[in-house]
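Below is a short briefing on a structure with its sequence. Look at it first, then read the points that follow.

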Amino acid sequence: MLRYSVKRLGLALVIVSVAMLLLFCMIYLIPGDPAAVALGPRATEAMREGLRIKMGLDKPVWVQFWNFFSAAWQGDLGRDVLSDRPVATVVMEQLPYTLALIFGGISWSVTLGIPLGCWAAVERGTVADRIVGVLSVAVIAVPSFVVAIYALLIFAVALRWLPAIGAGEPGDIGDQLVHLILPSLAVGLGWVGYIARMVRASMLEVLESQHIRTARAFGLPERMITYRYALTIAILPTVTLLGVGIGQMLSSAVFAEIVFARPGVGKLVYDAILTRNYPLVTGAVLVTTILFVLLNLVADLIVGALDPRVRSRL
Amino acid sequence: MTVLAIKGLNVTFSTEGGQLHALKNVSFEVPERRIVGVVGESGCGKSTLINAILGLLADNGSVDAGSITFEGEDLTRLGAARMQELRGQRISTVFQDPMGALNPVLSVGRQMRNIQYRSGRSRNEKDARSEAMLRQVRIPDAQSALAQYPHEFSGGMQQRVAIAMALMMRPALLIADEPTTALDATLEVATIELLQELQQDIACSVLFISHHLGVIAELCDDVVVMYAGEVVERGTTRQVFHAPCHPYTRRLLECDPARQSGRTRHLPTIPGEVPDLRHRPPGCVFATRCDQRVDACDKTPPDVAVAAGHVARCVLAAAR
């Protein structure tokens, strides 16, 4: 297990490095002069030249990349052009809100998706199974920003059950949780459908296997067979799927944060793009990438913890 | 005393191609403390027979006629709850492929504890019972084996674990569904010896399903020969192996590679194919492949008692 974890961590570092290279290329290829953009139209050529040198833009490309790369690994993601604060600090301030949103989305999708999928598999071929199937496809098809807008209109504006905007009072966990309900639903609802479909399919496969027949031949109660003997195996592919799905949830989070006017990395990137605050965009995207890679690693480790066969192969 | 008595059992499956008559008029008995072997080719209805006894027929299958009497209760009439109570406690099963038969993500100890869920014992007592059972099937270091997972054992060890699980509740009947087919020859002998020893100790009856004639001859007291969902011949092992009365049994014995004397380029086979069970021939089911066919074979053959306890479903048996 330890060797596996170290190996996967090494791979994660490589992935982040490649992501950095791509990110650097992207910024480098954006047309226009960053110094000119930062200083605005009234700056003199001398001022622009000064800033270019300060930003290291006069150096060869590979030197620029190396500077960016080595600084980033030391946690230095440059400075926010507008506030002149370190980008790392600014992003880290916003990160907890986005993390809460993602975990809220995962909670919705897991607590609804797994039981629904399991139920549909046990009741396969019945009306209940069909209804779950149609609903799953429906929620997968609806984009998360549409869910966000309708959730806001129905539950916050019309019914006034839940708050419409913000992330709640700092320090007040209860208030923050109430503010999290609708945005995390917007992020997680589509995944309820994915997970329900996935769990149903893998449950049906597992329920056909020989060891389930053995469990029945031993007279074990059907409930024990479904939840202990079959579901434990059937959720393994779902965990892997969720690890990959976190990428999509991160992009849904951008919309949810904008619609619900919540702080968070998505909102930060959105605002930074509008103000052409490139160091902030780069820093936030990089942090998001690292988050994605790390959560994927966590998903793989969870699979290892749940499946002794995977564990011993490592 | 008879532990299991099957009388006139008929099982059909409704398929897209029509009704499939999988078991036709199957009758035989498993007496107390005896080992009864069931032989037959693949597709002869051995698995259907097991599923019918266990009450685990697929949704499209049903028992149309006949009875399966186990310790005085007709299993075909039992409710699902009572049937579930018997499985694993009074009737237990060892399956062919030990790796596939054990749950891959639960430890052996956990699975053995779950089988005892009805016993009302404490967790420690259950684990002690599991450990004792593993020791009895000669798993080395039984205590740490409880914490291990099925894939950590070799094939032979897995099958011994499966046997330990099946016999843990001291059932009256053990169904062994080709338990040695997936094992190599030396392990096969060891497993057979272990089964014999445990059968003596627990004093249970065994329904031993196999297509390996040598194993059947070695292990079983009685033999039931199945062909295309029918019991074509049954009797003691001596009767069936030394004086086979059904042409199918004779051909089957002739085809046993172990009986070949001298060198041969081709192993003998029975020409023809098993009939499509959706369209059973009206008369004898073996008639199309039989080299002793007579006109009377077009009618349903009678079960002829050729000796005490020796029955063959063939018109020629009556003439002998």
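Taken over chain B, the mean pLDDT is 88, and 99% of the residues of chain B reach 70 or more. Where pLDDT is low, the predicted coordinates should not be read in detail.

**Domains of chain A**

- Chain A is assigned two stretches as domains: domain 1 covers 2-76 and domain 2 covers 95-274.
- Between the C-alpha centres of domain 1 of chain A and domain 2 of chain A the distance is 36 Å.

**Contact between chain A and chain B**

- On the chain A side, 21 residues are in contact with 29 residues of chain B.
- About 2,200 Å² of area is buried between chain A and chain B, and carbon and sulfur atoms give 63% of that area.
- Between chain A and chain B there are zero salt bridges.
- Eleven residue pairs, both residues at pLDDT 80 or more, are in polar contact between chain A and chain B.

**The side of chain A that touches chain B**

- Three helices of chain A, α9 (210-217), α10 (222-234) and α14 (308-313), each supply at least two residues to this side.
- Helix α9(A) gives the largest share, six residues.
- Sorted by class, the residues on this side of chain A are nine nonpolar, six polar and six charged.

Technical notes. Residues are numbered from 1 along each chain as its sequence is written. Chains are lettered from A and ligands numbered from 1 in the order in which they are written. This is a predicted model: local features need pLDDT of at least 70, side-chain atom pairs count only at pLDDT 80 or more; totals for chains, interfaces and linings use all residues. Side-chain values use heavy atoms; hydrogens and water are left out. Domain bounds come from an automatic or database domain assignment. Contact means heavy atoms within 4.5 Å. Buried area is the accessible area (1.4 Å probe) that two parts lose on being put together, summed over both. A salt bridge is a side-chain nitrogen of Lys or Arg within 4 Å of a carboxyl oxygen of Asp or Glu. A polar contact is a pair of N or O atoms within 3.5 Å; within protein, one must be able to donate a hydrogen and the other to accept it, and residues adjacent in sequence count only if both atoms are side-chain atoms. Helices (H or I, at least four residues) and strands (E, at least two) are DSSP runs, numbered from the N terminus. Ala, Val, Leu, Ile, Met, Phe, Trp, Tyr, Cys and Pro count as nonpolar, Asp, Glu, Lys and Arg as charged, and the others, Gly among them, as polar. pLDDT is the predictor's confidence in each residue, from 0 to 100.
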